[in-house]
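Please keep the sequence and the model at hand while reading.

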Amino acid sequence: MSDMRLVVMGASGRMGRMLVRTIAETQGVTVTGAVERKGAPALGADAGELAGVGPLGVRVSDDLLSAALNADGIVDFTAPAATVEAAALAAQARIAHVVGTTGLSADDLKNIEAAARHAVIVRSGNMSLGVNLLSVLVERAAAALGPEWDIEVLEMHHRLKVDAPSGTALLLGEAAAQGRGVSLADHSVRSRDGHTGARKAGDIGFATLRGGTVVGDHSVLFAGAGERLVLSHHAEDRSLFAAGAVKAALWARGRKPGEYSMRDVLGL
């Protein structure tokens, strides 16, 4: 089988460059498109040179449509509006779309779900094996410990991250809610300030820290009477997210249209 042809969205950003580098170093995949927003300084540059792997003969473009029509998949860690557009184009082209974008609204998710009728979409708040295994453990712990244990999700990222809570924190919160058989939307507490009163039973709390160059730290705390259980994951290098995304793209090739998660990719 020929190499899977992939388009990298946000190709000049930190994750974009890491994705180009990872694809260039992985057998079975090749970069055939590199896309950036209109007016981006990197337009016209060689994507491989930007990523530090030498020239690939792929110029950074703002024409996602042309890139998608000549590819087997799109890998996308960008912004919600760009991701929704890419999902629609993936549906038109009948190709795969790997989505690592966070901060998606309810309407964005509905649009992605609609695109998945014709495209294979793998979407996750985190592409790493460790985090997705952690989500399984959190779900099982939430089911086993019961509602008398309080759940708090703590996350820290670098100072430049623009959305909060992180996509990974929400993924872990969803896992906890699933373990309890409840809706996260109905039990999520995103902030506390002032005279808040006592904690409500069944709440799933979120706390956000930002600073420095932290790639991603996440902990889920289960606090019971006289004891605490803490499940944690610490990301030390963005390459693990890129490797997971490429693994997801290869897994998606030839699948039936639909929306999948990294749990599907990893068999969890």
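**Arginine 94 and the basis of the model**

Arginine 94 is found in the loop between helix 4 and strand 5 (96-99); helices (H or I, at least four residues) and strands (E, at least two) are DSSP runs, numbered from the N terminus. The phi angle of arginine 94 is near 60°, a positive value in a residue other than glycine. Arginine 94 counts as exposed, at 54% relative accessibility; buried means under 20% relative accessible area, exposed over 50%, and partly exposed in between (1.4 Å probe, protein chains only).

This is a predicted model, in which local features need pLDDT of at least 70 and side-chain atom pairs count only at pLDDT 80 or more, while totals for chains, interfaces and linings use all residues. Residues are numbered from 1 along each chain as its sequence is written, and side-chain values use heavy atoms, with hydrogens and water left out.

**Backbone**

- The peptide bond from alanine 164 to proline 165 is cis, with omega near -5°.
- Proline 165 lies in the loop between strand 7 (150-157) and helix 7.

**Largest pocket**

- The largest pocket holds about 1,200 Å³ of space. A pocket is an open set of points on a 1 Å grid over the protein atoms alone, where a 1.4 Å probe fits, with protein on both sides within 12 Å along at least five of seven lines; lining residues have an atom within 4 Å of a point. Grid points are joined across faces, edges and corners, and a volume is the space filled by probe spheres set on the points.
- Its lining consists of 44 residues, of which Met15, Phe77, Thr78, Ala79 and Thr101 lie nearest the centre of the pocket.
- Two or more lining residues come from each of helix 1 (14-24), helix 3 (64-69), helix 4 (80-93), helix 7 (167-180) and strand 10 (216-224).
- Helix 4 gives the most to this lining, with four residues.
- The lining residues of the largest pocket divide into 15 nonpolar, 19 polar and 10 charged. Here Ala, Val, Leu, Ile, Met, Phe, Trp, Tyr, Cys and Pro count as nonpolar, Asp, Glu, Lys and Arg as charged, and the others, Gly among them, as polar.

**Second largest pocket**

- The second largest pocket has a volume of about 680 Å³.
- It is lined by 28 residues, and Arg123, Gly167, Leu170, Leu171 and Glu174 lie nearest its centre.
- The elements that give two or more residues to this lining are helix 6 (129-145), helix 7, helix 8 (184-187), strand 12 (258-260) and helix 10.
- Helix 7 gives the most to the lining of the second largest pocket, with six residues.
- By type, the lining of the second largest pocket divides into 11 nonpolar, 11 polar and six charged residues.

**Salt bridges**

- A search of the whole structure finds 11 salt bridges, a salt bridge being a side-chain nitrogen of Lys or Arg within 4 Å of a carboxyl oxygen of Asp or Glu.
- Lysine 38 forms a salt bridge with aspartate 62, and the closest N and O atoms are 3.9 Å apart. Because lysine 38 lies in the loop between strand 2 (29-35) and helix 2 (47-51) and aspartate 62 in the loop between strand 3 (60-61) and helix 3, the pair ties together parts that are 24 residues apart in sequence.
- Lysine 38 is exposed, at 67% relative accessibility, whereas aspartate 62 is partly exposed, at 33%.
- Arginine 37 forms a salt bridge with glutamate 36, with the closest N and O atoms 3.5 Å apart. Arginine 37 is exposed, with a relative accessible area of 55%, whereas glutamate 36 counts as buried, at 11%.
- Lysine 161 pairs with aspartate 163 in a salt bridge whose closest N and O atoms are 3.2 Å apart. Aspartate 163 counts as buried, at 15% relative accessibility.
- Asp150, Glu152, Arg192 and Arg199 are linked in a network of salt bridges.

**Nonpolar surface patch**

- Leu129, Leu133, Leu137 and Leu268 form a nonpolar patch on the surface, with about 350 Å² of accessible area together. Patches are made of residues with over 30% relative accessible area and no salt bridge, with like charges joined within 9 Å and nonpolar side chains (Val, Leu, Ile, Met, Phe, Trp, Tyr) within 5 Å. Accessible areas come from the Shrake-Rupley method with a 1.4 Å probe; for residues, only the protein chains shown count as cover.
- Leucine 133 is in helix 6 and counts as partly exposed, at 41% relative accessibility.
- Leucine 268 is in the segment after helix 10 (262-266) and is partly exposed, with a relative accessible area of 39%.
- Leucine 133 and arginine 263 are 130 residues apart in sequence and 8.1 Å apart in space, C-alpha to C-alpha.
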